[in-house]
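Here is a short report for a reader new to this model. Please look over the fold first, then read on.

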Amino acid sequence: MDYNQFFKSALNRLHDERRYRVFADLERIAGRFPHATWHSPKGQRNVVIWCSNDYLGMGQHPKVVGAMVETATRVGTGAGGTRNIAGTHHPLVQLEAELADLHGKEASLLFTSGYVSNQTGISTLAKLIPNCLILSDALNHNSMIEGVRQAGCERQIFRHNDTAHLEELLIAVGPDRPKLIVCESLYSMDGDVAPLGKICDLAETYGAMTYVDEVHAVGMYGPRGGGIAERDGVMHRIDILEGTLAKAFGCLGGYIAGKASVIDAVRSYAPGFIFTTALPPAICSAATAAIRHLKASSWERERHQDRAARTKAILTAAGLPVMSSDTHIVPLFVGDPEKCKRASDLLLEEHGIYIQPINYPTVAKGTERLRITPSPYHEDGLIDALAEALLQVWDQLGLPLTKKPLAAE
């Protein structure tokens, strides 16, 4: 039997569906973000990254790099095993305390990634609640969908950000059954924000727990970077807050924060926590340094919002199809998977601009887009160059503009 043919056939299906993914070989340069070196088939080239989730450039911040180097020099690299076997190293204890404080919760629990914290956290929580019904937003991230699926509980999907539909489902199930509402605070493909206050109102009225994914908001919103929940004044009303250290904090790892008894129960029962090696001390120290800095400094957040607003304004004035967004996400509609991939290739090869295409299944078919994420370090000249490059690519591919560029009117 030719087992290899199974895998070749699977890959051919992806190619046929225009869903095969190609990764660019990029080397970031500390101190020069968003500039990077692209190791292209034709040799090294300087490029500008326009789609990084290191939203604030904290991965290159001197405090963060310094904390990582100092800790690795002092205590070594790895964690030595799972926390059950190797113990909990002190930088990890400090990081969990910092995260609990960030979200105003009694405790937090660290996982190896934001994906794992959702997948393991949701499934473990729901399994520990007898006869739990999970109510999940239709556009929740794959990690949350997997967590819901692995819980093995009954689940119902409410229309995206539709609190009227959520209320209908809550009323239908009745007041006596345990319920867990699962949503994101900021949805990263469209850049829209959940009505967290209303969701909390419904949870309190109908007796449900709330679990909110803040991965695209922590560090960037709220007076101390606590996320959309902090910005909107509802952080204390949400039972479980989940976040990542790999985006605005520029490091690696995921976490949940909540009441001590809830966090301890997940710690004690979650296989995705119990049986995996802890994050290394140097990573934990770097993340702690990033969180502490962003709790005290608002410059990065303010500059970030300014850059996002200017990028939207310049691209919109150029007649490019910027999708509506009230946040730092700048989606540019393409609507065709092949042209979306081709646009990405042209930007990289001809203009030295890296923006990864977003195609199905990350977004629905027919809504393919380029997802642009300005950082505090994208200067005016880079934004202007982006607009000019996009206009040239749009012309090459015959993609429609929303109107003629202002300069041509």
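This is a predicted model: local features need pLDDT of at least 70, side-chain atom pairs count only at pLDDT 80 or more; totals for chains, interfaces and linings use all residues.

Residues are numbered from 1 along each chain as its sequence is written, and side-chain values use heavy atoms, with hydrogens and water left out.

**The chain**

The chain holds 15 helices and 14 strands. Helices (H or I, at least four residues) and strands (E, at least two) are DSSP runs, numbered from the N terminus. The radius of gyration is 22 Å, close to the 22 Å that the globule rule gives for 409 residues, so the chain is as compact as a globular protein of that length. That radius is taken over C-alpha atoms, and the rule is 2.2 Å times the number of residues to the power 0.38. Along the principal axes, the C-alpha atoms fill a box of roughly 60 × 60 × 55 Å.

Of the 409 residues, 52% are buried. Buried means under 20% relative accessible area, exposed over 50%, and partly exposed in between (1.4 Å probe, protein chains only). Among contacts with a separation of 6 or more, 71% link residues 24 or more positions apart. A contact means heavy atoms within 4.5 Å.

**Strands**

Strands of a sheet pair through backbone hydrogen bonds, either parallel or antiparallel. Here two strands count as paired if DSSP finds at least two bridges between them. Four strands form an open sheet with mixed pairing, in the order β1-β2-β3-β12. Strands β1 (26-28) and β12 (353-354) stand at the edges with a single partner strand each, so one side of each has no neighbour in the sheet. Inside this order, β2 (residues 35-40) and β3 (residues 43-49) run antiparallel, joined by six bridges. W38 stands opposite R45 in β3.

Another pair is β7 (residues 179-184) with β8, parallel over six bridges. E184 has D213 in β8 as its bridge partner. Five of the six residues of β8 (residues 208-213) are buried, so this strand is largely enclosed by the rest of the structure.

**Cavity and pocket**

On a 1 Å grid over the protein atoms alone, a cavity is a set of points where a 1.4 Å probe fits but cannot get out; a pocket is an open set with protein on both sides within 12 Å along at least five of seven lines, and lining residues have an atom within 4 Å of a point. Grid points are joined across faces, edges and corners, and a volume is the space filled by probe spheres set on the points.

A search of the whole structure finds one cavity of 30 Å³ or more.

| Space | Volume | Lining | Nearest the centre |
|---|---|---|---|
| Largest cavity | about 100 Å³ | 13 residues | R83, L110, F273, T276 and A278 |
| Second largest pocket | about 210 Å³ | 16 residues | V22, A24, K341, D345 and L348 |

Two or more residues of the cavity lining come from each of α3 (83-86), β4 (107-111) and α11 (271-274). For the second largest pocket, the elements giving two or more are β2 and α14 (337-351). Helix α14 gives the largest share, five residues.

Where is G233 found? G233 sits in the loop between α9 (228-231) and β9 (240-244). G233 is partly exposed, with a relative accessible area of 45%.
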